[in-house]
Protein chains: 2
Amino acid sequence: MTELEIMGAKAKKAASSLAVASTQMKNDALMLIAKTLVEKSDAIIEANSVDLKNAKENGVRPQMIDRLTLTKERIEGIAEGVRQVAQLKDPIGEVIEMVKRPNGLIIGKQRVPLGTIGIIYEARPNVTVDAAVLCLKAGNSAILRGGKEAFHSNNALTIIMRECLKKAGLSEDCIALVQDTTRESATELMQLTKYIDVLIPRGGKGLIRSVVENAKVPVIETGMGNCHLYIESEADFDMALDILFNAKCQRPSVCNAIESLLVDEEIADKFLPLAKAKLDAKNVEWRGCEKTRAIIKDAKEATEEDYYTEYNDYIISVKIVKDIDEAIEHINEHGSGHSEAIVTKNYFKVQKFLREIDAACVYANASTRFTDGFEFGLGAEIGISTQKMHARGPMGLNEITSIKYIIYGEGQIRK
Amino acid sequence: MTELEIMGAKAKKAASSLAVASTQMKNDALMLIAKTLVEKSDAIIEANSVDLKNAKENGVRPQMIDRLTLTKERIEGIAEGVRQVAQLKDPIGEVIEMVKRPNGLIIGKQRVPLGTIGIIYEARPNVTVDAAVLCLKAGNSAILRGGKEAFHSNNALTIIMRECLKKAGLSEDCIALVQDTTRESATELMQLTKYIDVLIPRGGKGLIRSVVENAKVPVIETGMGNCHLYIESEADFDMALDILFNAKCQRPSVCNAIESLLVDEEIADKFLPLAKAKLDAKNVEWRGCEKTRAIIKDAKEATEEDYYTEYNDYIISVKIVKDIDEAIEHINEHGSGHSEAIVTKNYFKVQKFLREIDAACVYANASTRFTDGFEFGLGAEIGISTQKMHARGPMGLNEITSIKYIIYGEGQIRK
């Protein structure tokens, strides 16, 4: 057996006892993890400094260095996240539906863990703890495979979590970090169908594409967001401008920020100059269709490829459409099925947009930036699914569970 | 583009309009299909006779020939199934949950179709209609890939369904039959990630294993059932014997029949001879552990492989266990996660078994033969999932849908 197979077998074994652990035991382990992370922050920061030193030597960009950096405050923030997960309702064991059949059988649909979840992620060491504790609360083992840039930090965090699990009477193998950070270990993890039930990639486009293309283990695809805002002819302009600015500029690097603006041709010559002025505050670069460029002179030309692109930056593609049908068709063709929004006062256009857009989250008169587990009230988020199978949209604890049917009989046999 | 890619692209396009078709339109199409199948039964039977002639020439087993055969009565049965699907509640559009967030956003979780579903199946031509109409009712396009033995029958049925779709104002491409029945077409279908959202294999072990191993399209694994019945020390013997006979002998060829009997050592010497006498009525072959063979002299030896085997026949593997813990451990190791049952009067043993067994359906004091969409009250069944992702256990209409979040705002932006 390879090192990873051994890890997988241990995780699977740990998962079967974790599946029946009491809520109290899981919460005790979580609270101990939170406490110990804070107590041991000096050791964590020391491990982190090794990663930071390597990163600087390797000429990593300052923005990435910032993401990688752990401080006392950030560790306290991570610990607070763990405490919040402890507060969340335990999804496991809940009977979602229960029916009595004509033959007297009582059939219940009960929430159970998925089993072992593999998480493949990039630089941020906080994901190590966030993902592991969400898996734990939902009764799943977690096999974490972080990026090599954060290995020392991830390892320090994992060692602490494993010690806490043991002290709390759970198997330390409920949480494990893949020690080999080469590409080969990621590939092997993606093929480990015998031990891993589902793989959740968290990171940039390249990572996610690689996982979706190479995995044999079932994947929940997350995060890609080519989101649109459609300003319909009967939009309230003030509301439209506020939503546009918020959705594009509040945090352009994230998946629920918009990349593309569609404007109804009836209002384009009035709305676009206002939109341009609004986005100029952040020097947003415009790439527009021919009609857009006739109105906004310094917009660059948008290619067909632009309309498929998630910039994650202060760049926006703009297109004038002749009506809501063209807007819906354009979005369903070019969008990534993440978050799409319409701004309009027209009731019927709202209903049509909500019905016909094929995306995880479809908004009327609100910013796409709300697509988030916390904002949706799930209490937590392990990622945002852009696929249709198993889970779609922000994933909280319920989304990393499965069900089983429990059937209470009194001697029934089938006729 | 290959023939299959063209079919996929058409199915995908058809799916996007089917997703927003009204319940009335879908039901009208279903009722028309039912009516036309009966009206054209002579033509269907003629096409079927070509398959039957080929099958007989190829020396196909009588049991398979029976499965392949269509008669007026069987076509009426298929049509009746279609009418029943028309009666089922349309799952699409249902808002499962709706919450109001503190910021006033109203967020609803709405059922939507999965998109395009590929079904790979074997000889029975009724699956062509059953699967297609379930997909249709849940707003999904269906790409059907049946076995070559039933091609002429499947094709005749598909042509009729497509004509009816057109007459009912829906796209005929909502239902398509892969015309090439070579192994290559199945493999290509499994890789068609661009057009197919999920693949459901229906058939024997070989087919399902091949799909699970080769598919790039997400798969819902169905049907493999290595099911167990555990007779606990406090079992009511009469009830235990009735359930044993029903679960093993009522229809041994199906996935929810049991393959293995576990008996508590405390009662083994009393229970096993009774069980043997009961199963002798159907000449069931016994393969037992050493302790079993000490009691039942003409039981053959059970190998470790026997305990992993789904016989689908009048054969049973038998093992004496020392307690419920050994029973649970044995089942979780050897079972296929389909249906497992305990017989006991002991309340706490029931609760423990229901909690600790990791399977789609876990029974107390009832036959495993109830694992079925109709028996569970789902109104229909497109298969029984033995995986944990997306759906587990019998799958009805709800299980071939996804969700989207619809968000009603009044100008909210994220702080």
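Is N312(A) buried, exposed or partly exposed? N312(A) has 16 other C-beta atoms within 10 Å, so it is partly exposed. The cut-offs are these: buried means 20 or more other C-beta atoms within 10 Å of the residue's own, exposed means 12 or fewer, and partly exposed is in between, with C-beta atoms placed from the backbone.

Before going on, the conventions. This is a predicted model, in which local features need pLDDT of at least 70 and side-chain atom pairs count only at pLDDT 80 or more, while totals for chains, interfaces and linings use all residues. Residues are numbered from 1 along each chain as its sequence is written, and chains are lettered from A and ligands numbered from 1 in the order in which they are written.

Back to N312(A). It is in the loop between α13 (304-307) and β11 (315-321) of chain A, where helices (H or I, at least four residues) and strands (E, at least two) are DSSP runs numbered from the N terminus. Most residues other than glycine have a negative phi. N283(A) also has a positive phi, near 50°, and lies in the loop between α11 (268-280) and β9 (285-288) of chain A. N283(A) counts as exposed because it has 8 C-beta neighbours inside 10 Å.

Next, the interface. Here 52 residues of chain A are in contact with 52 residues of chain B; contact means C-beta atoms, placed from the backbone, within 7 Å. β16(A) gives the most to chain A's side, with 11 residues. That side divides into 26 nonpolar, 14 polar and 12 charged residues. Nonpolar is Ala, Val, Leu, Ile, Met, Phe, Trp, Tyr, Cys and Pro, charged is Asp, Glu, Lys and Arg, and polar is the others, Gly among them. β16(A) runs parallel to strand β13 (residues 361-366) of chain B, joined by 5 bridges; pairing takes at least two DSSP bridges. Within β13(B), A366(B) is the bridge partner of Q412(A).

Last, helix packing in chain B. Helix α5 (residues 72-87) and α6(B) cross at roughly 10°, their axes coming within 10 Å. Axes are lines fitted to C-alpha atoms, for helices over the stretch in contact, and angles run from 0 to 180 degrees between N-to-C directions. α5(B) and α6(B) are therefore roughly parallel, the term for angles under 35 degrees. Their contact includes I78(B) and V82(B) of α5(B), and V129(B) and V133(B) of α6(B). By class it has 6 nonpolar, 2 polar and 2 charged residues.

Methods:
Contact = placed C-beta atoms within 7 Å. Parallel < 35°, antiparallel > 145°, perpendicular 65-115°, else oblique.
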